[in-house]
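Q: Could we go through the pockets and the aromatic contacts of this model?

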Amino acid sequence: THAAVYRTQETLAEGCKELDEIVSSFQDVRVTDRTKAWNTDLIETLELQNLLCQASATIHAAEARKESRGAHAREDFSKRDDVDWMKHTLAYFENDRVRLDYRDTHQHTLDAEEQDSFPPQERVY
């Protein structure tokens, strides 16, 4: 519910806090099944660990992005912000925490003779 389709700073920040607490509690998870074949306990634990990393990256990146773009719709930032947010978000999960970084988007085509570049524009439906 904290990173629903329509989001606000308040719900995203609360979700980040709650998910960080859940991630911290993962250190208490133990695999008790020691078999080497068909170890569903191990597989499910690894899947949970992966899902926690993915969920953390998603909600922290959403909380940091102060705009609406595509499927990321924020009620408190209803417009695109091409000046500050025309960039890719890179999320790294390190030491049970998310670190965000950014990379510029490419504003040109690979072959200008085949297709000219065109400026970004809002999707209108």
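The chat below turns to aromatic contacts and then to pockets.

A: This is a predicted model, in which local features need pLDDT of at least 70, side-chain atom pairs count only at pLDDT 80 or more, and totals for chains, interfaces and linings use all residues. Residues are numbered from 1 along each chain as its sequence is written, and side-chain values use heavy atoms, with hydrogens and water left out.

Q: How many aromatic pairs does the structure hold?
A: It holds 1 aromatic pair. Rings of Phe, Tyr and Trp (its six-membered ring) pair if their centres lie within 6.5 Å; planes under 30 degrees apart count as stacked, over 60 as edge-to-face and the rest as tilted.

Q: Is W85 buried or exposed?
A: W85 is buried, with a relative accessible area of 10%, whereas Y102 is partly exposed at 29%. Buried means under 20%, exposed over 50%, and partly exposed in between (1.4 Å probe, protein chains only).

Q: Where does K87 lie relative to W85?
A: K87 lies over the face of W85, at 4.8 Å from the ring centre, and also over the face of Y102, at 4.5 Å. The criterion is NZ of Lys or CZ of Arg within 6 Å of the ring centre and within 35 degrees of the ring normal.

Q: Now pockets. Which residues line the second largest pocket?
A: Its lining is H106, Q107, T109, D116, S117, F118, P119, P120 and Q121. A pocket is an open set of points on a 1 Å grid over the protein atoms alone, where a 1.4 Å probe fits, with protein on both sides within 12 Å along at least five of seven lines; lining residues have an atom within 4 Å of a point.
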